[in-house]
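Please look through the sequence and the three-dimensional model shown here before reading on. The report that follows takes up a few topics in turn, each under its own heading.

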Amino acid sequence: MSTVAAAPTRPLIGEAPPSEAGPRPDGIGDLRPVPEIGLPPALQTLRFSVRQLEFVSRARRELGEVFRMRAMDSDHPVVTTHPDHVRSLFTAKPEQAPSLTGESPLRPIVGPNSVLTATGPRHMRQRKLLLPAFHGEAVQRYVAMIADATEREIDKWPVGEPFALAPRMQAITLDVIMAGIFGIEGRPLPGTPEHRLRQVIRRLVWLSMQPVSQLAELLNIGQDEPRGLLRPAMAMLDRATYAVIAARRAADLEGRNDILSMLLQARDEDGEPLTDRELRDELLTLVLAGHETTANSLAWAFERLVRTPAAYDLLRDAVRSDERREEVVEATIHEAMRNRPVIPVIGRRVTVPWQLGEFGVDAGLPVLISIALLHHREDLYPDPFAFRPERFLGHKPGTYEWIPFGGGIRRCLGATLAMAEQRVVLEAVARRTDLAAADPAPERVLHRNVTMIPALGARVVLRERRAS
Ligand code: HEM
């Protein structure tokens, strides 16, 4: 069992050549225009939505590390893959590079006013309100609960039969986020509005995995309100969410420190409470952003581990012998999130002229950061497609080179929680189970809404389960 990874023959982490970047108050002057992809806009939009990774990888190969797309229904975004450009956007003044999440496919689902989709002072107010609930100390309260939920889940897995890990991970992460938001210990009790909401979310996540959902997604790009298939699905979700809000409004909030009770008691600068619609947008944002991402990140970690014996052995040995346990678990998570970032792209809109290396970007244009391409730069990560957790042993990921949680004032609010969940689950599964790939071929990437997930949900076979 004790296979230690082969000694690397070249550095496992490198450095990118410097590239000037940032706002250009005097305009873009003689900087070069960004090279454009030459396909029709409809085809580019379709490829970006359905086969994003192949599409941007090819553009990177053919046009270089900065290129421009032509998209339907939006301005033509510039895409960058350089860490210095990332730094310039993450450290920009908020009004010079506001986030594009408000224009993403999430808008018809969570509305325009949640912490994820709002910009400017409204965004900052909501972020400040929610931050304490996701700090390290607050997250520590959930660790025992995450461990219990994981142990219970592992006990249910069938031995010797293929099954998908993603829905199993999702069951754990949904319980965790609902506990935090609604202040429930463990899974909500049948008959409660929270239980109904949990059922609806599980059903909709399953539905969103069906091929017909990709069609619904395309139909909803750039929309304010849901259209097509998404409309009845959202109506069902809304009913369940408003029922939870109504029940909590009627309850005594004294002494409660869960997120919903806190939001119900919050007042804006005019002393007004949040409306039901604002509460709904905020709750759905937290539930949706807060569980599927983490579940799929874990699913990818195992999808990679069961196909990379050296990495899997390194993890199991460390966890079972308790030697360098924390360090190896952390490195494995860092490498999984580098190799398979669940959110492959994020964006900002530059409101002043901007420089990206030798290229100039006019004020008003969207700039996308391809997390996936940045994480696969050969100069930063030699042999970038290989899954090698040892890259991160004794090496902290760079702030602008490893960005699965984004960065700056829009950095993922739940990053500490997501890391804690991944540590606990990865460790428990590595300690108690021996998994094998259901099929030796790597799982295809499926793009769903803003996420990139394993197409078959990380199908594995449980060879052996140890007692808890
Ligand atoms: C592995 C799991 C996760 C990944 C990969 C992930 C990734 C991201 C990314 C890339 C962003 C956009 C950052 C940017 O534009 O710079 C984001 C934002 C956000 N995430 Fe996460 N996330 C995860 C888990 C969570 C969890 C557990 C929560 C809990 C509620 C959460 C809540 C949010 C919120 C509220 C925002 C918006 C922050 C803002 O705009 O100020 N995420 N996340």
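## Salt bridges

The count of salt bridges in this structure comes to 36, where a salt bridge is a side-chain nitrogen of Lys or Arg within 4 Å of a carboxyl oxygen of Asp or Glu. The model is a predicted one, in which local features need pLDDT of at least 70 and side-chain atom pairs count only at pLDDT 80 or more, while totals for chains, interfaces and linings use all residues. Residues are numbered from 1 along each chain as its sequence is written, and side-chain values use heavy atoms, with hydrogens and water left out.

One of the pairs is formed by Glu151 and Arg432, whose closest N and O atoms are 2.7 Å apart. This pair links distant parts of the chain, since Glu151 belongs to helix H7 (residues 143-156) and Arg432 to helix H17, 281 residues apart; helices (H or I, at least four residues) and strands (E, at least two) are DSSP runs, numbered from the N terminus. Arg432 is buried, with a relative accessible area of 3%, and buried here means under 20% relative accessible area, exposed means over 50%, and partly exposed lies in between (1.4 Å probe, protein chains only).

Asp258 and Arg248 form another salt bridge, with 2.8 Å between the closest N and O atoms. Asp258 lies in the loop between H11 and helix H12 (259-265) and Arg248 in helix H11, so the pair ties together parts that are 10 residues apart in sequence. Asp258 is buried at 4% relative accessibility, and Arg248 is buried with a relative accessible area of 6%.

Elsewhere, salt bridges that share partners join Asp313, Arg316, Arg320, Asp434 and Arg466 into one network.

## The iron and its ligand

Which residue is the only protein donor of the iron atom of the ligand? The donor is Cys412, through its SG atom at 2.2 Å; donors are N, O and S atoms within 2.8 Å of the metal (3.2 Å for Na, K and Ca), and as water is not among the atoms, sites may look incomplete. Cys412 is placed in the loop between helix H16 (371-374) and helix H17 (415-432).

There are 27 residues around the ligand, of which His123, Arg127, Arg348, Arg410 and Cys412 come nearest; a residue is near a molecule if one of its heavy atoms lies within 4 Å of it. Helix H13 gives the most to this shell, with six residues. An N or O atom in the side chain of Arg127 is 2.7 Å from an oxygen atom of the ligand, and an N or O atom in the side chain of Arg348 is likewise 2.7 Å from a ligand oxygen atom.

## A buried leucine

Leu237 is found in helix H11 (residues 230-250) and is buried, with a relative accessible area of 4%. Leaving aside neighbours within four places in sequence, Leu237 is in contact (heavy atoms within 4.5 Å) with Leu197, Val200, Ile201, Leu204 and Leu284. The C-alpha atoms of Leu237 and Val200 are separated by 6.4 Å, although these residues are 37 residues apart along the chain.

Definitions and conventions. A polar contact is a pair of N or O atoms within 3.5 Å; within protein, one must be able to donate a hydrogen and the other to accept it, and residues adjacent in sequence count only if both atoms are side-chain atoms.
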